[in-house]
Amino acid sequence: MKKAFLIALAGLMIAAPMAQAQQYRPDDRRPPQHNQVKPQRPAPHKAAPKPYYWKKGQNMRDWRRHNEINDYRRYGLRKPGRDQRWIRVDNQYLLIGITSGLIAGIVTAR
C-alpha cells in the first residue's frame with residue numbers, strides 16, 4: 001500500500017507541471033503576455049459636407065423654409081423688386097422670385 005501511494009504521488013508530481021505548461025510554438029517570437037489589453041483605434045473622422053453653391057436661374061422650390069431677410073439694408077443688399085425676397089441659406093444671400101422660385105441674384109456673406 002505504501003509503495004502504491006509513493007508511485008501515485010510521484011506521478012502527480014511529474015504530471016502537474018506538464019498540465020500547467022503552455023504549448024510552445026516556434027513561430028511565436030514574443031513572450032506570452034497575460035491580461036493584455038488591445039489598443040483601441042480612434043474613431044474615424046467624418047468629413048465635413050461640401051458646401052453647396054447656388055447658381056443664378058436655378059429653381060429653389062423650398063425657399064420658404066429658410067430665413068427671410070426683411071432688413072436688407074443692414075446686410076448691404078439692394079432693395080428686392082416686386083415679388084422678390086432675400087433669404088439666407090448657409091453663408092449666402094439669395095434673391096428669390098416668390099412666384100417662380102427662381103434665383104435672381106446671389107451675394108456671399110463676409
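**Salt bridges, cores and a tyrosine pair**

Okay, let's start with Asp 62, which is partly exposed, with a relative accessible area of 35%. On that scale, buried is under 20% relative accessible area, exposed is over 50%, and partly exposed lies in between, using a 1.4 Å probe and protein chains only. Before I go on: this is a predicted model, with local features needing pLDDT of at least 70 and side-chain atom pairs counting only at pLDDT 80 or more, while totals for chains, interfaces and linings use all residues. Residues are numbered from 1 along each chain as its sequence is written, and side-chain values use heavy atoms, with hydrogens and water left out.

Back to Asp 62, then. Its salt-bridge partner is Arg 65, with the closest N and O atoms 2.9 Å apart. By salt bridge I mean a side-chain nitrogen of Lys or Arg within 4 Å of a carboxyl oxygen of Asp or Glu. Arg 65 itself is exposed, at 63% relative accessibility.

Another one joins Arg 85 to Glu 68, where the closest N and O atoms are 3.2 Å apart. That pair links distant parts of the chain, 17 residues apart: Arg 85 sits in strand β2 (residues 84–89) and Glu 68 in strand β1 (residues 67–69). Helices and strands here are DSSP runs numbered from the N terminus, with helices being H or I of at least four residues and strands E of at least two. Both ends are partly exposed, Arg 85 at 32% and Glu 68 at 39%. Then there's Arg 74 with Asp 71, at 3.5 Å from N to O. Here Arg 74 is exposed at 64%, while Asp 71 is partly exposed at 36%.

Now for the inside. The largest nonpolar core has 8 residues: Trp 54, Met 60, Trp 63, Ile 87, Val 89, Leu 94, Ile 96 and Ile 103. Strands β2 and β3 are the elements that give two or more residues to this core.

Skipping residues up to four places away in sequence, Ile 87 touches, among others, Met 60, Trp 63, Glu 68, Gln 92 and Leu 94; contact means heavy atoms within 4.5 Å. Gln 92 is in strand β3 (residues 92–97), and it's buried, at 8%. Leaving out neighbours within four places, the contacts of Gln 92 include Tyr 52, Trp 54, Ile 87 and Thr 108.

What about aromatics? The structure holds 1 aromatic pair. It's Tyr 75 with Tyr 93: ring centres 5.3 Å apart and planes at 40 degrees, so the pair is tilted. Rings of Phe, Tyr and Trp (its six-membered ring) pair if their centres lie within 6.5 Å; planes under 30 degrees apart are stacked, over 60 edge-to-face, and the rest tilted. These two are 18 residues apart, with Tyr 75 in the loop between β1 and β2 and Tyr 93 in strand β3. Buried or partly exposed, which is Tyr 75? Tyr 75 is partly exposed at 29%, whereas Tyr 93 is buried at 6%.

How values were computed
Core = buried A, V, L, I, M, F, W, Y, C linked by side-chain atoms within 4.5 Å.
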